[in-house]
Every structure is written in C-alpha cells, then in structure tokens.
Amino acid sequence: RVVEFNCRFGDPETQVVLPLLASGLGELCLAAARGNLAQAGPVVLDTERAAVCVVTSSAGYPGPYEKGKAITGLEGFRGRDDVFPFHAGIAYDAASGNLVTDGGRVYGMTAVAADLRVAIGRAYGASKGVSFEGEYRRPDIGFRALARLAASA
C-alpha cells in the first residue's frame, strides 16, 4: 500500500534526489510528456554520493505565519555543484528589490557529498548563510540515517 507519494518538484523528497540524477532530466520529462517514458531508458542515480535537504520555514508553519520578511544570502550559490537552494515560499518585492518570504516552507537547501555526514554538515552550513526574521529549521535532518549506518557498521 502506498500512503503517500511525494514527487512534485516543490517537495523536499524530490529536491534531495534531483542533484543525484545522472539521467538527463529534460529528456525524461519530454519522454513522460509524450507518453513514452519506457523508451527513455532507466533512470540512473549517482549512488556514489549522498544528498540531504534541509527545509527552512517561517515561524509558525504549519500554522499561521507572517509573509514579507526580507531574505538575505541566497545570491551566493550560483555555479556551485555541491549546494542547491530550492526556492519555495519566496516572492520578489519590487518596491524594495528584495526577495521576501511568501509561504510556510520558504526554501530547501540540498547538499551533496561523498559521505552522508559531510552532506548534512554542508546543508546546514549553507542554510546558516541565508537568513530572514523568524526562520526555523529542524536540527535533526539526516541523523536517524546516520544512526542506522553506525548500527550496521
């Protein structure tokens, strides 16, 4: 039985997989749109690296939260191949020229590395470089996976 299937581009479950995709995303999407995904070949993931996505949300989420808080620090990730900020609840405020919060889940910071522990540190480190008033992120993302790895070693 399937309880939930998260595969939209806005879902953290997808954002953590996309940077590991070794297949061409454009070709896969085109084949799916044409109804011949089976002919596109297998979906290949880079299994030599680990990926972690840490979501930063507005204070109060999933309940009531304020919008319009200025966001700083997102401009520094262009051209990197180890950290990917996925914009979610973000808008452009033309009056101030700033990016501002516009949703509960503001952005997901996905990081990749050869090791899960390094990917976790990289995701949290990159997230700390981005800020807005009332930001919140869970402090435990990936730690259950680390515990399972330690137990199986």
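What volume does the second largest pocket have? The second largest pocket of this predicted model has a volume of about 180 Å³.

**View 1. Lining of the second largest pocket.** The residues that line this pocket are P12, C53, V54, V55, S57, Y61, R105, Y136, R138 and I141. Strand β1 contributes four residues, the largest share of the lining. By class, the lining of the second largest pocket comprises seven nonpolar residues, one polar residue and two charged residues.

**View 2. The largest pocket and the residues about its centre.** The space within the largest pocket amounts to about 350 Å³. Its lining consists of 16 residues, of which F9, L18, L21, L25 and L28 are the closest to the centre. Two or more lining residues come from each of α1 (12-15) and α2 (25-34). Helix α2 gives the most, with four residues. The lining of the largest pocket divides into 13 nonpolar residues, two polar residues and one charged residue.

**View 3. The largest nonpolar core.** In soluble globular proteins, nonpolar side chains tend to be buried together. The largest core in this model has 22 residues, and V52, I71, Y107, M109 and V130 are those with the most contacts inside it. At least two core residues are supplied by each of β1 (50-58), β6 (105-113) and α3 (116-128). The largest share of this core, six residues, is that of α3.

View 4. With residues up to four places away in sequence left out of the count, V52 touches V16, M109, T110, A111, L116, A119, I120, A123 and I141.

View 5. Strands of a sheet pair through backbone hydrogen bonds, either parallel or antiparallel. In this sheet the order is β2-β5-β4, and the pairing is antiparallel. Strands β2 (70-71) and β4 (90-93) form the edges, each with pairing on one side only. Strand β2 is joined to β5 (residues 98-101) by two bridges. Opposite I71 stands L99 in β5. Residue I71 is also one of the residues with the most contacts inside the largest nonpolar core.

How values were computed
Residues are numbered from 1 along each chain as its sequence is written. This is a predicted model: local features need pLDDT of at least 70, side-chain atom pairs count only at pLDDT 80 or more; totals for chains, interfaces and linings use all residues. Side-chain values use heavy atoms; hydrogens and water are left out. A nonpolar core is a set of buried Ala, Val, Leu, Ile, Met, Phe, Trp, Tyr and Cys residues joined through side-chain atoms within 4.5 Å. Buried means under 20% relative accessible area, exposed over 50%, partly exposed in between (1.4 Å probe, protein chains only). Contact means heavy atoms within 4.5 Å. On a 1 Å grid over the protein atoms alone, a cavity is a set of points where a 1.4 Å probe fits but cannot get out, and a pocket is an open set with protein on both sides within 12 Å along at least five of seven lines; lining residues have an atom within 4 Å of a point. Grid points are joined across faces, edges and corners, and a volume is the space filled by probe spheres set on the points. Ala, Val, Leu, Ile, Met, Phe, Trp, Tyr, Cys and Pro count as nonpolar, Asp, Glu, Lys and Arg as charged, and the others, Gly among them, as polar. Two strands pair if DSSP finds at least two bridges between them.
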